[in-house]
Structure formats: C-alpha cells, structure tokens
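Please view the sequence and the structure first.

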Amino acid sequence: MNIVIRIIILVIGAAITVNGIGISLVSNFNAGIVLTFLLGFLLLTIGVLPNSVLHKIPTFVFWVLGVGLAVVIAFVGFLLIFGSSDNATHKENAVIVLGAAVHGDKPSAVLADRLDTAVEYYEQNKNAVIVVTGGKGMQENVTEAAAMEKYLIGKGVPKEKIIKEEKATNTYENFVYSKEILEELFGEDYTAVYITNEYHVYRAGCIAKTAGINNASHIHSGTRWHSLVAGTLRECLGVMKFWLLRR
C-alpha cells in the first residue's frame, strides 16, 4: 500500500476512534457509538497491517469494503441534504418534538438542539401547542418528555402550551402516541410539524405516515460535528430497519 494512502487511512481511523471515545463519555451508549468504534478500528487495522499481510487478503474483500463505505457516505449525504430542506409553514396547529437521550434529568446536546429549534418555531407561531414525546430510557432518571418540558419552560415557553407524551420508546411510538393526543385535542382536522435532526428527518417522515400522520411538515435541528459520525451511522441502521419492518 502506498505510504500516503496508509497515512490517510491511519489519520481518519484515529480521528474516528477518538471521536467515538469522546462521544461515549458524554452520551448514552448506543449502536451509533459501537459502529463508530468498529469503523475506526477497521481503518486503523488496515492502516497498520504490513503489505505482506494485506497482499494475502482477497481483492474482493477490499472491493466490498470500498463499495460499502461509498454507499454509506452517499446515503448519509442524501439524508443530510433531504433533512435540511425544511417545509414548515409556521401556521401548524402543533409541534411534535421527537425525544432523544437525557443525561440524568437534563437533555443531551442533541435533544437540547431540537428543543432550541422548537423555541425558535414557537416565537413565530405562538398559537401552536408543543408535544414533547419520549419515555424513560436506560441511564435516564426522568422521562425524556419531562426533561424536555422543564427545558422549554426554562426558555420561556408557557407550561400550558406544552403537552407531555411519556410512553414512547421509539420514533414510531412517538408519532402514534402524539397522534392520539392531537386527535383528542383537535379532532382529525389539524396540521403538525415535527422537529428532529436533519439526518433523522427522512425516516421520521416515513414513520409519521406509517403511524397515520399524513400531513406533517418538518424542521431540522442542526447536528454538532462531534455527533455526526455516530448519529448518521446509527441512522443508516434505523432506515434499514424501517425498510424491513415499516416502523
């Protein structure tokens, strides 16, 4: 292997591995972190193996790895571009903020970004109610919805404008239970906008339709650079799961 290529692979592998370590220290452990470590380890392994060993590995293995990595990068690009194209009218009846990890009783950086986006939306449409949706997961002291409500109130959103949904354990349930709440409040004639990270918008929209919310628009919250690799790798698995199970 060319020395320049080897150095590039080693640098990328080391950067991804360090990123995985950093994310694991500040985030609840999940599949995205595991995939980050696996990718970093794979690149580091390829980078340090001597040419005498690499030459013994069948060529098709490298082709499979290369094509697979290219497909993942291309699909991640699609998710980011698709999710960045917001289509909210700011006249919706309701905002659905999809839950994410809570550290103890405080929203993670990912969840805080979604909530900040909800606050920005509310400033432009104060007639909307905000549904915060998410139950209590592992490594969480309170439900995601409870932590989200507290955060929004701290940002100046009136408590009476916030509705908690505290049973959901995944995106499908986020929408199913939120739909029940909104239909009880508005009947079947309402409009909603959901807020999540840009890489999650595509799958969330597909799941919303599966759950029976056919007229939902979306607004994305940005993803911090240190969460991008783990978040997008995890999302690729999530999309594959949706395509197989339709939820």
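In which hand of crossing does α7 pass α8? The crossing of α7 past α8 is right-handed, the near helix being turned clockwise from the far one by less than a right angle. This is a predicted model, in which local features need pLDDT of at least 70 and side-chain atom pairs count only at pLDDT 80 or more, while totals for chains, interfaces and linings use all residues. Residues are numbered from 1 along each chain as its sequence is written, and side-chain values use heavy atoms, with hydrogens and water left out.

Helix α7 (residues 171-186) packs against helix α8 (residues 198-210) at an angle of about 45°, the axes lying 9 Å apart. Helices here are DSSP runs of H or I with at least four residues, numbered from the N terminus, and axes are lines fitted to C-alpha atoms over the stretch in contact, with angles from 0 to 180 degrees between N-to-C directions.

Salt bridges (a side-chain nitrogen of Lys or Arg within 4 Å of a carboxyl oxygen of Asp or Glu) number seven in the whole structure, and the table lists three of them.

| Pair | Closest N to O distance |
|---|---|
| Lys 159 and Glu 149 | 3.1 Å |
| Lys 179 and Glu 183 | 2.8 Å |

Lys 179 and Glu 183 are four residues apart in helix α7, and therefore separated by about one helical turn. Glu 149 and Lys 159 also belong to a network of salt bridges that includes Lys 164.

Definitions and conventions. Helices (H or I, at least four residues) and strands (E, at least two) are DSSP runs, numbered from the N terminus.
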